[in-house]
Amino acid sequence: MLPRIAIGVAIAAFFVTVETMSSSSHNGVVTSCVYRNYGALILGAIAGFLGLVALITSLPGRRAEGILLGAAATALAVWHVLSGMGMIGAPCG
């Protein structure tokens, strides 16, 4: 059950968005830009935790579903956390 919850949270993070963006410019040139997506950050962290727990608890019994879904949720969680911090696909470039 836990691997399915983890992958569900990881997929939900694609749809839940709470964004902030601030930028400053000097003489028309952007000097700083900060972008955050708190939905992706929070749900990504939760999905990462649940995915790792599902992965670790599935390894001793070698349950394929738990291992695959746990690994997929963990990989998606890394993507969400990085994109939520503005490191991947951010409008700031």
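Biologist: Before that, what should I know about the model and the numbering?

Modeller: It's a predicted model, so local features need pLDDT of at least 70 and side-chain atom pairs count only at pLDDT 80 or more, while totals for chains, interfaces and linings use all residues. Residues are numbered from 1 along each chain as its sequence is written, and side-chain values use heavy atoms, with hydrogens and water left out.

Biologist: OK, which residues make up the largest nonpolar core?

Modeller: Ten residues: A6, I7, V9, A10, A13, L43, A47, L50, A73 and A77. Helix 1 (2-12), helix 2 (38-58) and helix 3 (64-84) are the elements that each give two or more residues to this core.

Biologist: Which helix gives the most to this core?

Modeller: Helix 1, with four residues.

Biologist: Remind me what you're calling a core and a helix?

Modeller: A nonpolar core is a set of buried Ala, Val, Leu, Ile, Met, Phe, Trp, Tyr and Cys residues joined through side-chain atoms within 4.5 Å. Buried means under 20% relative accessible area, exposed over 50%, and partly exposed in between, with a 1.4 Å probe and protein chains only. Helices (H or I, at least four residues) and strands (E, at least two) are DSSP runs numbered from the N terminus.

Biologist: What does L50 touch?

Modeller: Not counting residues up to four places away in sequence, L50 touches L2, I5, A6 and V9. Contact here means heavy atoms within 4.5 Å.

Biologist: And H80, is that buried or exposed?

Modeller: H80 counts as buried, at 2% relative accessibility. It's in helix 3, and beyond residues up to four places away in sequence it touches A10, A13, F14, A40, L41 and G44.

Biologist: What about T74, buried or exposed?

Modeller: T74 counts as buried, at 18% relative accessibility. T74 is in helix 3 too, and it touches G48, G51 and L52, again leaving out residues up to four places away in sequence.

Biologist: Where is I11 found?

Modeller: In helix 1. I11 has a relative accessible area of 42%, so it's partly exposed.

Biologist: How many salt bridges does a search of the whole structure find?

Modeller: One. It's E65 with R4, the closest N and O atoms being 2.8 Å apart. The pair links distant parts of the chain, with E65 in helix 3 and R4 in helix 1, 61 residues apart. A salt bridge means a side-chain nitrogen of Lys or Arg within 4 Å of a carboxyl oxygen of Asp or Glu.

Biologist: Is R4 buried or exposed?

Modeller: R4 is exposed, with a relative accessible area of 53%, whereas E65 is partly exposed at 41%.

Biologist: Now R36. Where does that sit?

Modeller: R36 is in strand 2 (residues 29-37), and it's partly exposed with a relative accessible area of 26%. Leaving aside neighbours within four places in sequence, R36 is in contact with V18, E19, T20, L41, G84 and M85. A polar atom of the R36 side chain lies 2.8 Å from the backbone oxygen of M85.

Biologist: How far apart are the C-alpha atoms of R36 and E19?

Modeller: They're separated by 5.6 Å, though the two residues are 17 apart along the chain.

Biologist: Last one: what's going on with phi at N27?

Modeller: N27 isn't a glycine, yet it has a positive phi of about 55°. Most residues other than glycine have a negative phi. N27 is in the loop between strand 1 (19-26) and strand 2, and it's exposed, with a relative accessible area of 70%.

Biologist: And where is R62?

Modeller: R62 is in the loop between helix 2 and helix 3. R62 also has a positive phi of about 55° without being a glycine, and it counts as exposed at 71% relative accessibility.

Notes: A polar contact is a pair of N or O atoms within 3.5 Å; within protein, one must be able to donate a hydrogen and the other to accept it, and residues adjacent in sequence count only if both atoms are side-chain atoms.
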